[in-house]
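These are my notebook entries on one protein. I looked up a few things in turn and wrote down what I found.

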Amino acid sequence: MAGSHSHRTTLKRKNKNFKSAHSSKRSLKAANKGRVEGAAKGGKGMKTPSKIERRNLANQIKANKIMKSLNERNLFSSSSAAERIVTVIPLTTNISAIDIINQLLSSITDEELPSIISEPSITSIKIKKFKANLKFIIPDKSNLISILDACKVSDFVILALSATEEVDPKVGEQIIRSIELQGISTVIGVIPDVVQAYPKKNLQQDVVKSLTSFYTHFFPNTEKLYTIENSSDSLNAIRTLCQKFPKSITWRDNRGYLVSLEV
């Protein structure tokens, strides 16, 4: 028919889909929905250790830790044991470091021990009862640098509190804060005069409780304060010095140090 008209399919032009040089995050996420990217292959893959290998490794680590601990403890317990260095610091002016050491030593009644008679001083004492060697240091209490130097090399530091005199914030507390900031090993708190000051037991308990509260503010892990007028407490304090393994100080573990007896 002359009046009819039709489109020929060959004239239809099919355009290509738009392609961006950089696909958007949304389109990439939609295209890869549900797919998990496989690990890149190439080179030797890491072998997963077997159960026996993991157990052996754990046993080796455990054995190494035990050996390290034994070697450290042998430093103080072998026949040629090193001396345990103990610095004694009274935090008030009415108590004496000399009296504190002599009170501690007097609790060991089955052997004759020398008395400390001078201050400042460095004195070595062998405790046969506990098979230990102690070196007591009494620093110059009027010199903060001397106190810090003594604490720097000590395995134990004895801090003494008085039952009748408060710790002066400008002296006693300054000493505590200074040695804390420097880094301190094992600390032991003692009270040398509570029985003498308060004959009644209930008052003694109240004073000890108050001093313990003050002391644990600075050293929260403290178990107790030793009232060294009591012979059993005094003996327990000496036993702690002779048998307890001192806490390490990180900065000191990697550096050598010594105590000079004479310069």
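**Entry 1: the whole protein**

I note here that the model is predicted.

Next I looked up the helices and strands. The protein has six strands and nine helices. Of its 263 residues, 34% are buried. I also looked at contacts between residues at least 6 apart in sequence, and 71% of these join residues at least 24 apart.

**Entry 2: cysteines**

How many disulfides does the structure hold? I found zero. For my own reference, a disulfide is a covalent bond that links the sulfur atoms of two cysteines. Cys-151 has a relative accessible area of 1%, so I put it down as buried. Cys-242 is at 4% relative accessibility and therefore also counts as buried.

**Entry 3: a lysine in a strand**

I picked Lys-135, which is part of strand β3, residues 132–138. Is Lys-135 buried or exposed? Its relative accessible area is 7%, and the cut-off for buried is under 20%, so Lys-135 is buried.

I then looked up what Lys-135 touches, leaving out residues up to four places away in sequence. The list holds Glu-83, Arg-84, Ile-85 and Val-86, then Ile-122, Thr-123 and Ser-124, and finally Val-259 and Leu-261.

**Entry 4: a lysine in a loop**

For contrast I turned to Lys-131, which sits in the loop between β2 and β3. Lys-131 is exposed, because its relative accessible area is 76% and the cut-off for exposed is over 50%. Its phi is positive, about 50 degrees, although Lys-131 is not a glycine. I wrote down the general rule beside this: most residues other than glycine have a negative phi, and most peptide bonds are trans.

Which form does the bond from Glu-119 to Pro-120 take, cis or trans? The bond is cis, with omega near -5 degrees. Pro-120 is in the loop between α3 and β2, the strand of residues 121–127.

At what angle do the axes of α3 and α8 cross? Helix α3 covers residues 97–106 and helix α8 covers residues 231–243. Their axes come within 8 Å and cross at roughly 95 degrees. Therefore α3 is roughly perpendicular to α8.

I listed the residues that meet. From α3 they are Gln-103, Leu-104 and Leu-105, and from α8 they are Ser-234, Ala-237 and Ile-238. Four residues of this contact are nonpolar, two are polar and none is charged.

I followed up on Ala-237, which lies in α8. Ala-237 is at 2% relative accessibility, so it counts as buried. Apart from neighbours within four places in sequence, Ala-237 is in contact with Leu-104 and Tyr-226. I also noted the C-alpha atoms of Ala-237 and Thr-227, which are separated by 9.3 Å and lie 10 residues apart along the chain.

**Entry 5: helix α5**

Which residues of helix α5 are buried? In this helix, residues 172–182, they are Gly-172, Glu-173, Ile-175, Ile-176, Ser-178 and Ile-179. I recalled the helix rule: an α-helix has 3.6 residues a turn, so residues three or four places apart point the same way.

What covers the buried residues of α5? The cover includes strands β1 (84–90) and β4 (156–160), along with helices α4 (144–152) and α7 (201–218). After α5 comes Gly-183, with a positive phi near 110 degrees.

Asp-99 is in helix α3, and at 47% relative accessibility it counts as partly exposed.

Ala-197 belongs to helix α6, residues 194–197. Ala-197 counts as partly exposed, because its relative accessibility is 29%. Its C-alpha atom is separated by 6.9 Å from that of Thr-164, which is 33 residues apart from Ala-197 along the chain.

Conventions:
Residues are numbered from 1 along each chain as its sequence is written. This is a predicted model: local features need pLDDT of at least 70, side-chain atom pairs count only at pLDDT 80 or more; totals for chains, interfaces and linings use all residues. Side-chain values use heavy atoms; hydrogens and water are left out. Helices (H or I, at least four residues) and strands (E, at least two) are DSSP runs, numbered from the N terminus. Buried means under 20% relative accessible area, exposed over 50%, partly exposed in between (1.4 Å probe, protein chains only). Contact means heavy atoms within 4.5 Å. A disulfide is a pair of cysteine sulfur atoms within 2.5 Å. Axes are lines fitted to C-alpha atoms, for helices over the stretch in contact, and angles run from 0 to 180 degrees between N-to-C directions. Angles under 35 degrees count as roughly parallel, over 145 as roughly antiparallel, 65 to 115 as roughly perpendicular and the rest as oblique. Ala, Val, Leu, Ile, Met, Phe, Trp, Tyr, Cys and Pro count as nonpolar, Asp, Glu, Lys and Arg as charged, and the others, Gly among them, as polar.
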